[in-house]
Structures are given as C-alpha cells and as structure tokens.
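Here are my notes for a colleague opening this entry for the first time. Please keep the structure in view while reading.

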Amino acid sequence: MKVAVVGAGAIGAYVGAALHRAGADVHLIARGPHLAAMKENGVQVLSPRGDFTARVHATDDPSSIGPVDFVFLGLKANSYAACGPLVHPLMGEKTAVVAAQNGIPWWYFHGLEGPYKGRRVESVDPDGAVSAVLPPERAIGCVVYAATQLKGPGVVQHMEGTRFSIGEPDKTDSTRCEEFSEAMIAGGLKCPVEADIRNDIWIKLLGNIAFNPLSALSRATMAQICRHQDTRALVATMMRETLAVAEAVGCRPEISVEKRLAGAERVGEHKTSTLQDLESGKPMELDVLLAAVVELAALTGTRVPKLCAIHAVTDLLAQTVRSAA
C-alpha cells in the first residue's frame, strides 16, 4: 500500500508513522523546520502507549512521489480548495482521499439517498471549488478521536485516543475502506469501518459547534465554559439545535447532550483548535463547524436561533481579524 500524507502536521505525521510501522510505503508532505526535522530524524512519537521513531520519507514535492493508493489529508478544511498542486501529482485512477476533517465535509450529500442527494453545501464547497480539486467519489469519510500536538519540529506528542473512524459516503462496504482500516490497525491504531460515517460526524460536531466558537469569543477553555452556568446552558441549547438539524437531514446520532457535555468537561483546561488558531493569527475553521450547519438548517426549515446568533458574531470576529492582519 502506498500512502501520501498531505499536511503532515501533528495528526498527519502520527498517522504516517503508524502506517509506516505497519509496513506501508508512506510519504509525508510538509514544509519548513518540521519537514527538515523529519528528513533528518524521522517522526518522533511521544505517547503514553510507548515512544517510537518512524524513519518515513518526507518531502515538499509531491511530484517526486507519483500516484498513490491513498491520500490522507491532514490539512485544515479551509485549505482544501487551494490544495490542488499538492494532491494532483498523487492521483492515480483509483486513488482514494481520506479526509481527516472536523465538521461537515464537502462530500456530505454525495451518494446519500433522499431529497438532497448530490446537493452541494456552499459553506464548505463554494461554487464547487473543493469538489473540483477533490472529487467526492474519491472521498472516504474520516472522523478523528485522537488528540495530538507538535511538541517541536518532527516531534509528535500523542495525548490520548487512537480511533479514526472511516466509512464510504454512500454507506457501502468497500475493499478500499477495509484495506486502509487493516493497515491502520496493524500500525497500532483503531480504525473501525462505520456503516454510516455521518453518525460519527454529527457526534463529534456536537462538541465542536459549541465549544470552538464560544472559546474564540470568550478566550476560555472547555472546562471554563462548562463551569460557567450560563455558557453551559448555551452549549446545551446549541447542541440540541444541532441534533435537530442532523435529524432534518436524516441522521439520528445516539448520544445525549448531557453525556456530550460531561465528556467535554473531562477534557479539562484545553484550548480548542479554533482558539489556538485565533491566538496564533491563523484563519479560524468555522465554515465547516458552524456556517455549514446554519446553511443546512435554512435548507430544511429548522429553527436554530442560538446557532445563527453565534455564527453572526464569530463571522464578524473573523472579518475583523482579517482586516487587522
């Protein structure tokens, strides 16, 4: 199996190192000091499950790799439309794209029976810009439950979780999903093939859609948001509105709001990725987390007043941050 990891940051390098341990032919695409460190020392993984180093091929030139069986996308979703130069040299006739993104994916209605079959979600695929680069038929859904961070160039700190749930957008069993799952498991990770990956998408989104924008607005950690009575109540309302949208598009994830809140509170004094992006001057990844759900609510006639209000304020925040840059 030949795999290219496009955007070999903390998650991408961790997955690449695991697949390398499984015997896959792995190529990491990165840049800057992180790339230089991986070239010299390999990927160093620090984990409570045991530290290890993977001497994986790393480059900033995808054309030197050629077509692969799988592209694992470790990029933020707001980079997808511009990633053509990175992925096109890797595409063969049957290359699959495993997109490890948060939120609503660009392929959401691809292969999904019902009134919205084939519909484009403009918030995440404006004018089809992402689909033009990453055709939905190549996509394998992936929901990440692992927590990692770059401790330094070439050094991945794995904190917890090893699960990467995957599944076909059209809900079919496929050889490509089974092959990728087997390789991930051989590398020491959990990689269940789900009958409907959209359930996992909504379950993870349930936390992201509330905590990520609220943390950016308040500069608070997840635990602080949970401990504050009014913001905890706001999170619960946003979660219930999100579940209503999920049901309106035909998905009924089996999880309670209180259970999701309790899980978030256990994470502790953690800054969400959106708050980290804001503090480091990077674009906030809110289109796939919040704007897309507001769009789906409008599409289905679902009332989501709290989501709309938070979306309006965070959209203004993003505009003011861009103007100040």
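1. Start with Lys171. Lys171 sits in the loop between β11 (164–167) and α5. Its phi is near 70°, a positive value in a residue other than glycine. Lys171 counts as partly exposed because its relative accessible area is 41%. Bear in mind that this is a predicted model.

2. Asp127 also deserves a look. Phi of Asp127 is near 55°, again positive in a residue that is not glycine. Asp127 belongs to the loop between β7 (91–100) and α4 (129–133). Is Asp127 buried or exposed? Asp127 has a relative accessible area of 70%, so it is exposed.

3. Next, the division of the chain. There is a domain 1 (2–195) and a domain 2 (199–324). Their C-alpha centres are 24 Å apart. Domain 1 puts 24 residues into the contact, and domain 2 puts in 23 residues. The area buried between the two is about 2000 Å². Carbon and sulfur atoms give 58% of that area.

4. UniProt, in an unreviewed entry, lists residues 3–170 as "domain: Ketopantoate reductase N-terminal". Over residues 3–170, the chain is 18% helix and 34% strand.

5. The largest nonpolar core has 71 residues. Which of its members touch the most others? They are Leu73, Leu134 and Trp202. Helix α6 (residues 197–218) supplies the largest share of this core, with 10 residues. Both domains take part: domain 1 (2–195) and domain 2 (199–324) each give at least three residues.

6. Setting aside neighbours within four places in sequence, Leu134 is in contact with Leu73, Tyr80, Cys83, Val87, Met91, Val97 and Trp106.

7. Asp196 is placed in the loop between α5 (175–186) and α6. Asp196 counts as buried because its relative accessibility is 16%, and the cut-off for buried is under 20%. Asp196 and Met184 are 12 residues apart along the chain. Their C-alpha atoms are separated by 19 Å.

8. Then the charged pairs. How many salt bridges does the structure hold? The count is 13. Across the interface of domain 1 and domain 2, the rule finds 2 salt bridges. Elsewhere in the list, Arg163, Glu194 and Asp200 are linked in a network of salt bridges.

9. Asp277 is found in helix α10 (residues 273–280). Its side chain meets that of Lys76 in a salt bridge, at 2.6 Å from N to O. With a relative accessible area of 6%, Asp277 is buried. Leaving out neighbours within four places in sequence, Asp277 is in contact with Lys76, Lys282, Pro283 and Glu285.

10. Lys117 and Glu113 form another salt bridge, and their closest N and O atoms are 3.0 Å apart. Lys117 counts as partly exposed, at 48% relative accessibility. Glu113 is exposed, as its relative accessible area is 60%. The cut-off for exposed is over 50%.

11. Glu258 and Arg232 also form a salt bridge, with the closest N and O atoms 4.0 Å apart. This pair links distant parts of the chain, 26 residues apart. Glu258 is in helix α9 (residues 257–267), and Arg232 is in helix α8 (residues 229–248). Glu258 is partly exposed, with a relative accessible area of 49%. Arg232 is partly exposed too, with a value of 22%.

12. Finish with Glu279 and Lys271. Their side chains meet in a salt bridge, at 3.0 Å from N to O. Glu279 has a relative accessible area of 45%, so it is partly exposed. Lys271 counts as partly exposed at 36% relative accessibility.

Note on methods:
Residues are numbered from 1 along each chain as its sequence is written. This is a predicted model: local features need pLDDT of at least 70, side-chain atom pairs count only at pLDDT 80 or more; totals for chains, interfaces and linings use all residues. Side-chain values use heavy atoms; hydrogens and water are left out. UniProt positions are given in the numbering used here, feature names are shortened, and annotations may be inferred rather than shown by experiment. Helices (H or I, at least four residues) and strands (E, at least two) are DSSP runs, numbered from the N terminus. A nonpolar core is a set of buried Ala, Val, Leu, Ile, Met, Phe, Trp, Tyr and Cys residues joined through side-chain atoms within 4.5 Å. Buried means under 20% relative accessible area, exposed over 50%, partly exposed in between (1.4 Å probe, protein chains only). Domain bounds come from an automatic or database domain assignment. Contact means heavy atoms within 4.5 Å. Buried area is the accessible area (1.4 Å probe) that two parts lose on being put together, summed over both.
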